[in-house]
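Subject: Structure handover

Hello,

Here is the structure I promised to pass on. Please open it first, then read my notes below.

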Amino acid sequence: MKKSTGELFELLKASPNVESYLQREADSLRVPALHELLESFLEQKQMKKSRCIAASGIQREYGYQIFSGKRMPERDKIVALCLAMRLSPEETDILLRAGAHHNLYPRSRRDSILINALLKGKTVMDVNGLLYEQGEKILE
């Protein structure tokens, strides 16, 4: 059974040394790669890769390279894929962290627009319209 972050933290605090903790919890410490998480979310949402890529506005070949793990996308590409899959802001943050990008930040005007769009199930085209209207950089 997969352990929660809280459980791992408690086990780490109780461990006599970090080496024994690392050895004992090795299976729980593996963080899935971005492309593995993307595949998992596609499966959860019962969505085809081709439909997701098309809805994201990402060039087809580049999208498939992201899903295969051959390319590490920019933050905006991950957000576009999340919008296409209709993920929540929390799910989007999981993918952003897996892609080595910062979480959505509600103090940022642009990120506030993105968070709202994720909450309301907006399309990439809708979001780009909102971003443009607000003088923010569109998702490219």
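**The largest pocket**

Of the elements around the largest pocket, α7 gives the most to the lining, with three residues. Keep in mind that this is a predicted model. Two helices, α1 (5-14) and α7 (89-98), each supply at least two residues of that lining. In total, 14 residues line the largest pocket. Lys2, Thr5, Arg30, Val31 and Pro32 lie nearest its centre. Sort the lining by class and you get seven nonpolar, three polar and four charged residues. How much space lies in the largest pocket? About 340 Å³.

How do we find such a space at all? Rolling a probe the size of a water molecule over the atoms shows where empty space is left.

**Two packed helices**

Next, look at α7 again, this time with a partner. Two packed helices are described by the angle between their axes and the distance between the axes. For α6 (residues 75-85) and α7, the angle is about 145 degrees. Their axes are 10 Å apart. The crossing of α6 and α7 is right-handed.

Which residues make the contact? From α6 come Arg75, Ile78, Val79, Cys82 and Met85. From α7 come Thr92, Leu95 and Leu96. By class, the residues of this contact divide into six nonpolar, one polar and one charged.

Find Glu25. It sits in the loop between α2 (18-24) and α3 (34-45). Is Glu25 buried or exposed? Its relative accessibility is 4%. Buried means under 20%, so Glu25 counts as buried. Leave out residues up to four places away in sequence, and Glu25 touches Lys3, Leu8 and Leu11.

**The whole chain**

Now zoom out. The protein chain has nine helices and zero strands. Read along the sequence, the pattern is α-α-α-α-α-α-α-α-α. The C-alpha atoms fill a box of roughly 55 × 35 × 25 Å, taken along the principal axes.

The protein chain has 140 residues, and buried residues make up 37% of them.

To get started, select α7 and follow it from the pocket lining to the contact with α6. Then go to Glu25 in its loop.

Best wishes

Technical notes
Residues are numbered from 1 along each chain as its sequence is written. This is a predicted model: local features need pLDDT of at least 70, side-chain atom pairs count only at pLDDT 80 or more; totals for chains, interfaces and linings use all residues. Side-chain values use heavy atoms; hydrogens and water are left out. Helices (H or I, at least four residues) and strands (E, at least two) are DSSP runs, numbered from the N terminus. Buried means under 20% relative accessible area, exposed over 50%, partly exposed in between (1.4 Å probe, protein chains only). Contact means heavy atoms within 4.5 Å. On a 1 Å grid over the protein atoms alone, a cavity is a set of points where a 1.4 Å probe fits but cannot get out, and a pocket is an open set with protein on both sides within 12 Å along at least five of seven lines; lining residues have an atom within 4 Å of a point. Grid points are joined across faces, edges and corners, and a volume is the space filled by probe spheres set on the points. Ala, Val, Leu, Ile, Met, Phe, Trp, Tyr, Cys and Pro count as nonpolar, Asp, Glu, Lys and Arg as charged, and the others, Gly among them, as polar. Axes are lines fitted to C-alpha atoms, for helices over the stretch in contact, and angles run from 0 to 180 degrees between N-to-C directions. A crossing is left-handed if the near helix is turned anticlockwise from the far one by less than a right angle, and right-handed if clockwise.
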